[in-house]
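Q: I would like to learn how to read a protein structure feature by feature. Could we begin with its surface?

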Amino acid sequence: ENENGFNREQIMLKIQKLMALATSPFEAEATASLEKCAELMEKYSITLGDCQTEEEVKINMIRLDLKGRTMRAVMWEAILAHGLGECFDVETVRYIKRDGWHLAFMGTKSDVDMVIYFTKYFRRSVGRITDLENQGRGRSIRNTFAHGMVNRILQRMRVMYQKRQEIKTSDSLALVTVKKIESEKLKREQFPKLRSAAVRVANNPSAWRRGTAAGDKVSIITGVNGKKANGSLR
């Protein structure tokens, strides 16, 4: 229980009621409900996904795609997206089309939106820093540096994810299991002939170490649009 005597389930129920009021035709009421909802989620580290029922999770499962920045597949970008998907209970698939390579994200809408949010931000940061720190160096070194950065960023994100799991209730953890099952189910429906493939990283310990050090310095609390966030997985 928190300092006001409410337990987590009561707070989640209150958030659900506020979200229902947020659809009010009266603008003032809808705005006030959304603001109060955001305040409670921020204060108690609760996400909209935590407040969903099992049936709502199944209904809200979606697939959204993100096009790669280049025609040729960039493996560190794919690894980044996959790792972020694991942190938000989202399945991620890389596939090729005539216009280039793409990433498909499958999960609840709120989770998929967040994975795409972080994927855009981190791939831009990794790409920019890799270019700055490896001017004049070959593709192999640049890719190894980027892989080192991504590996370290994902390590930090997984620590945040683990901390988030530690404060979840048994009901919330059960909901996570449902989301994982439904995400996997949607992935199999969308990609029935899916195949896995190994990723090779060039053996350049120096570039990897430099990339890891750079990954330690990347802010994980800045949004895609430059807005500040509190660093929690929301």
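A: A surface patch is built from residues with over 30% relative accessible area and no salt bridge, where like charges are joined within 9 Å and nonpolar side chains (Val, Leu, Ile, Met, Phe, Trp, Tyr) within 5 Å. Accessible areas come from the Shrake-Rupley method with a 1.4 Å probe, and for residues only the protein chains shown count as cover. In this structure Val199, Val201 and Trp208 form a nonpolar surface patch, with about 210 Å² of accessible area together. Please keep in mind that this is a predicted model, in which local features need pLDDT of at least 70 and side-chain atom pairs count only at pLDDT 80 or more, while totals for chains, interfaces and linings use all residues. Residues are numbered from 1 along each chain as its sequence is written, and side-chain values use heavy atoms, with hydrogens and water left out.

Q: Where does Val199 lie, and why does Val199 count as partly exposed?

A: Helices (H or I, at least four residues) and strands (E, at least two) are DSSP runs, numbered from the N terminus. Val199 is found in the loop between helix H7 (170–190) and helix H8 (205–217). Buried means under 20% relative accessible area, exposed over 50%, and partly exposed in between (1.4 Å probe, protein chains only). Val199 counts as partly exposed because its relative accessibility is 34%.

Q: How many salt bridges does the structure hold?

A: A salt bridge is a side-chain nitrogen of Lys or Arg within 4 Å of a carboxyl oxygen of Asp or Glu. The structure has 12 salt bridges. One of them joins Glu91 and Lys187, at 3.0 Å from N to O. Glu91 lies in strand S2 and Lys187 in helix H7, so this pair ties together parts that are 96 residues apart in sequence. Glu91 counts as buried because its relative accessibility is 19%, and Lys187, with a relative accessible area of 9%, is buried too. Salt bridges that share partners join Glu91, Glu184, Lys187 and Arg188 into one network.

Q: How many aromatic pairs are there?

A: Rings of Phe, Tyr and Trp (its six-membered ring) pair if their centres lie within 6.5 Å; planes under 30 degrees apart count as stacked, over 60 as edge-to-face and the rest as tilted. By this rule there are five aromatic pairs. Among them, Tyr95 and Phe191 make a tilted pair, with 5.8 Å centre to centre and 45° between the planes. Tyr95 is in strand S2 and Phe191 in the loop between H7 and H8, 96 residues apart, and both are buried.
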